[in-house]
Amino acid sequence: MNFNYAGRITGLIAFVMGCWMSFPAQAVVREYWIAAEKTAWNYAPSGRNLIKPEAGLGVWGETPAYTKYRYIGYTDGSYAKPLAQPAWMGILGPQLRAVVGDTLRVHFLNKTDRPLSMHPHGMLYDKNSEGADGGGAGASVPPGKSHTYTWIADKDAGPGPADPSSIVWLYHSHVMEEEEPNLGLIGTIVITRKGMARSGSDPAPRDVDQEFTALYMIFNEEEGKESGMKHTINGRIFGNLDGYETRLGKRVRWHVVALGNETDNHTVHWHGQTVLDHGRRTDVVEVLPASMTSVDMVPRSPGNWLFHCHVDDHMMAGMSTRWRVLP
């Protein structure tokens, strides 16, 4: 009889443990503090064409600096200490990260002189966190005001069966959507497949060593005048974007995005290396306005290689930089 009693207790414990294990883990909430700020921006801070020095900057170098609006990340709600960003991010706002199942809580402060918002692609949200379309509380944040957006990285925001272990989404202001990305209000969100994060505190994918992001976009600074059409990678022209550096044998993921107008049809080309694009081997990836893709490479040869748009007019206008592979 004691044996039967012990057996029943053991069975009850197993049942309770099984039920507990079937409950979903508590969602991880990842908080970000981001301000929109009016800043100066120089498309060619060196003052030179670093790809073909003898050619100069052409008409695109006549006025290299303009007033822009940018998303700036901060460490906390005091908005006192800006987050550091690698040089290669250029004009991009902070990169937000999550794992499938996480919630992103984004505290947005508008420090500019016009109503702005933050609208994410791909995330699950309610109307107040859409950051667009006029009907929700976060659709238009007045100057000096703030709003907290809640975005959920559900399974449909995460990598699909044919995707790598992390994928990229855009976010941008969407009050006057035809103007605000051109002002510079653009950033990215990277979502990692569940079970592939490096750790609970680091949502980056553990199967890659480095991730780079590249925004291919033509900024229109002078109402269509050629000198104001800045053909940029992350807001820099003619090789003035620095920091794309890796080593032989590293596992590197490139998140490539585009925004802009009908002229923003780009063919992104890496010299010296191929990439794996959703099972397809190539060295050129096509992106259109508001498109996003993530591709993988393992660098095979050292050098200081070109990284550029292969559309002829875009190359001539400065849409190129270099990526460095150390031995």
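1. Strand β1 (residues 29–42) runs antiparallel to β2, and the two are joined over ten bridges. Strands here are DSSP runs of E of at least two residues, helices are runs of H or I of at least four residues, and both are numbered from the N terminus. Two strands pair if DSSP finds at least two bridges between them. Within this pairing, lysine 38 has tyrosine 69 of β2 as its bridge partner.

2. The model is predicted: local features need pLDDT of at least 70, side-chain atom pairs count only at pLDDT 80 or more, and totals for chains, interfaces and linings use all residues. Residues are numbered from 1 along each chain as its sequence is written, and side-chain values use heavy atoms, with hydrogens and water left out.

3. An open sheet is built from four strands in the order β2-β1-β4-β6, with mixed pairing. Its edge strands, each pairing on one side only, are β2 (65–74) and β6 (146–152).

4. Lysine 68 belongs to strand β2. Its relative accessible area is 1%, so lysine 68 is buried (buried means under 20% relative accessible area, exposed over 50%, partly exposed in between, with a 1.4 Å probe and protein chains only). Beyond its neighbours within four places in sequence, lysine 68 is in contact (heavy atoms within 4.5 Å) with residues including Trp41, Ile91, Leu183 and Phe219.

5. The side chain of lysine 68 also forms a salt bridge with that of glutamate 221, at 2.6 Å from N to O. A salt bridge is a side-chain nitrogen of Lys or Arg within 4 Å of a carboxyl oxygen of Asp or Glu. Because lysine 68 lies in strand β2 and glutamate 221 in the loop between β9 (210–220) and β10 (229–233), the pair ties together parts that are 153 residues apart in sequence. Glutamate 221 is buried, with a relative accessible area of 18%.

6. The structure holds 17 salt bridges. One of them joins the side chains of arginine 30 and aspartate 102, at 2.7 Å from N to O. Arginine 30 is in strand β1 and aspartate 102 in the loop between β3 (96–99) and β4 (103–110), 72 residues apart. Both arginine 30 and aspartate 102 are buried.

7. Arginine 280 and aspartate 277 form a further salt bridge, with their closest N and O atoms 2.9 Å apart. Here arginine 280 is partly exposed, at 35% relative accessible area, whereas aspartate 277 is buried, at 10%.
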